[in-house]
Amino acid sequence: MKKIEAIIKPFKLDDVRESLSELNITGMTAIEVKGFGRQKGHTELYRGAEYVIDFLPKVKIEIVVKEEQLDACVEAISNSARTGKIGDGKIFVSNVERVMRIRTGEEGPDAV
């Protein structure tokens, strides 16, 4: 099994969720986060004072999938989160050693 972590722009969350549900991905965790990469934040004006916003709002999504679903999921996230502008985000893939559904005690792919 693989864990996919994606950092995306907040307004793209619904598009990503819809594209994943078309692949029958039924579970996802979404977390509001702040960060920056090459975007490096920006300056804003508030009550006449200029200040720098270093950390921009993003959404981090996490899903665990079977290995055979990995490529389709990564492609779906990439296509639906892409705006073509700086700050579209990143996708990270890592191995998952063990999964257990707490309610039933199921383990492995059945627990996902």
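Which side chains meet in a salt bridge with an N to O distance of 3.5 Å: those of Asp 15 and which partner? The partner is Lys 12. This is a predicted model, so every distance here is computed from predicted atoms. Side chains of opposite charge can pair when their charged atoms come close. The two partners sit in unlike surroundings. Lys 12 has a relative accessible area of 13%, so it counts as buried. Asp 15 has 35% relative accessibility, so it counts as partly exposed.

Both residues lead on to Ser 80. Leaving aside neighbours within four places in sequence, Ser 80 is in contact with Lys 12, Asp 15, Val 16 and Ser 19. Ser 80 belongs to helix 2. Its relative accessibility is 12%, under the 20% limit, so Ser 80 is buried. Its side chain also has a polar atom 2.7 Å from the backbone oxygen of Ala 76.

Now look at helix 2 as a whole. It has 12 residues. From first C-alpha to last it reaches 16 Å, close to the 16 Å expected at 1.5 Å a residue. Which of its residues are buried? They are Leu 70, Cys 73, Ala 76, Ile 77, Ser 80 and Ala 81. Around the axis they cover an arc of only 135°, so they are on the same side of helix 2. There they pack against strand 1, helix 1, strand 5 and strand 6.

Turn next to helix 1. Val 16, Ser 19 and Leu 20 are buried in this helix. Seen down the axis, the buried residues of helix 1 fall within an arc of 100°, so they line one face. Their cover includes strand 1, strand 5 and helix 2.

In soluble globular proteins, nonpolar side chains tend to be buried together. Here, the largest nonpolar core holds 15 residues. Which of them touch the most other members? The answer is Leu 20, Ile 63 and Ile 77. Helix 2 gives the most, with 5 residues. Follow Leu 20 to see the links. Leaving aside neighbours within four places in sequence, Leu 20 is in contact with Ile 25, Met 28, Ile 61, Ile 63, Cys 73, Ala 76 and Ile 77.

Is Ile 31 buried, partly exposed or exposed? Its relative accessibility is 34%, between the limits of 20% and 50%, so Ile 31 counts as partly exposed. Ile 31 is found in strand 2 (residues 29-35). Its C-alpha atom is 16 Å from that of Ile 77, a residue 46 places away along the chain. Beyond neighbours within four places in sequence, Ile 31 is in contact with Lys 58, Val 59, Lys 60 and Glu 62.

Two of those contacts bring us back to charge. The whole structure has 8 salt bridges. In one of them, the side chains of Lys 60 and Glu 5 meet at 3.0 Å, N to O. Lys 60 lies in strand 5 and Glu 5 in strand 1, so this pair ties together parts 55 residues apart in sequence. Glu 5 is buried, because its relative accessibility is 18%. Lys 60 also meets Glu 62 in a salt bridge, at 3.4 Å, N to O. Glu 62 is buried too, with a relative accessible area of 19%. Salt bridges link Lys 3, Glu 5, Lys 60 and Glu 62 in a network.

Note on methods
Residues numbered from 1 in each chain as written. Predicted model: local features only at pLDDT ≥ 70, side-chain atom pairs only at ≥ 80, totals over all residues. Heavy atoms only, no water. Core = buried A, V, L, I, M, F, W, Y, C linked by side-chain atoms within 4.5 Å. Buried < 20%, exposed > 50% of the residue type's maximum accessible area, 1.4 Å probe, protein only. Helix = DSSP H or I, 4+ residues; strand = E, 2+ residues; numbered from the N terminus. Contact = heavy atoms within 4.5 Å. Polar contact = N/O pair within 3.5 Å; in protein donor to acceptor, adjacent residues only side chain to side chain. Arc of directions from axis to C-beta. Expected span 1.5 Å × (residues − 1). Salt bridge = Lys/Arg side-chain N within 4 Å of Asp/Glu carboxyl O.
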